[in-house]
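I opened the model to look up a few residues. These are my notes, in the order I took them.

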Amino acid sequence: MEQRYPLGYEPLPARPRRPPRLRGVAVPVSEESNDRGRHDVVGEGSDEIPTTENRVEGETPWEKKYEYLDHTADIQLHSWGKDVREAFEQVVVAMFGYMTELECVECTSTTEIEANGHDMLSLLFAFLDEWLYTFSTTFFVAKECYITEFDRETWRIRARGCGETFRLDKHPQGTEVKAITYS
C-alpha cells in the first residue's frame, strides 16, 4: 500500500553515512607563523604545546588519535591521547573532521573558547558544545586544537583552535553536527 503524506510532501531518502577515515591528517605549521600554537599553558598536567621550534625532527605535527563509531541515528567520537588534555583536543578535531575534510583546512586564523562543567563528562559536553556554537555562529573550522587551561577543581577549560572560516567553494561538506549529546 502506498503511503500518502500531507500536502504531497515526501521525506528525503536517508543520506548514506560517511565512512570513517582512519588515516591521520597532519599539516605542519609554516615556519613564518611560529607564534601559531604557542600558548601559556596553566593548570594540571601542563605540557608544552607543540610548535615548529620544539618539535622533534620527523615528528608528525598533529597526529590523529580519534575514530568514528556508528551509533543509532548518531555518530560517536572516540579520541585518546597521552592524557585527558590531549584526548579533549583530539575530540574537537574529530568533530570538525566529520563536518569537512580537514586536508582542505588551513591554519590562517585562531579562535578561543571557554567552557565550564560540574564534572568531567559535563565539561567535555560543554567544551564540544562551545566549539559547535562557534562553528554555527562564525563558521570557524578548527584543524588543530590546543587547550591552554584545564582546571579539574573548578571544571573549567580554555582552548585555542587553529583553522579558518568554512567556505563551500573550498571545503567539502561532510555531515552536519546538529547537537552534542551524551551516549
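Where is the place of E86? I found E86 in helix α1; helices (H or I, at least four residues) and strands (E, at least two) are DSSP runs, numbered from the N terminus. This is a predicted model, in which local features need pLDDT of at least 70 and side-chain atom pairs count only at pLDDT 80 or more, while totals for chains, interfaces and linings use all residues. Residues are numbered from 1 along each chain as its sequence is written, and side-chain values use heavy atoms, with hydrogens and water left out.

Entry on E86. I looked up its cover: E86 is buried because its relative accessible area is 12%, where buried means under 20%, exposed over 50% and partly exposed in between (1.4 Å probe, protein chains only). The side chains of E86 and K65 are joined by a polar contact of 2.7 Å. I count a polar contact as a pair of N or O atoms within 3.5 Å; within protein, one must be able to donate a hydrogen and the other to accept it, and residues adjacent in sequence count only if both atoms are side-chain atoms. Setting aside neighbours within four places in sequence, I list K65, W80 and G81 in contact with E86 (heavy atoms within 4.5 Å).

Entry on α1. I noted that 15 of the 16 residues of α1 are buried. I then checked the length of α1, residues 84-99: at 1.5 Å a residue it should span 22 Å, and its end C-alpha atoms are 23 Å apart, which agrees. The expected span is 1.5 Å times one less than the number of residues.

Entry on cysteines. How many disulfides does a search of the whole structure find? I got one, taking a disulfide as a pair of cysteine sulfur atoms within 2.5 Å. It joins C107 to C162, with S to S at 2.4 Å. C107 sits in the loop between α1 and β4 (109-116), and C162 in strand β6 (residues 156-165), 55 residues apart. I recorded C107 as buried at 17% relative accessible area and C162 as buried at 2%. I also looked up C104, which is partly exposed at 27%, and C145, which is buried at 0%.

Entry on phi. Most residues other than glycine have a negative phi. I noted a positive phi near 65° for F139, in the loop between α2 (120-138) and β5 (140-151). F139 is partly exposed, at 44%. W155 has a positive phi near 55° and lies in the loop between β5 and β6. I have W155 as partly exposed, at 21%.
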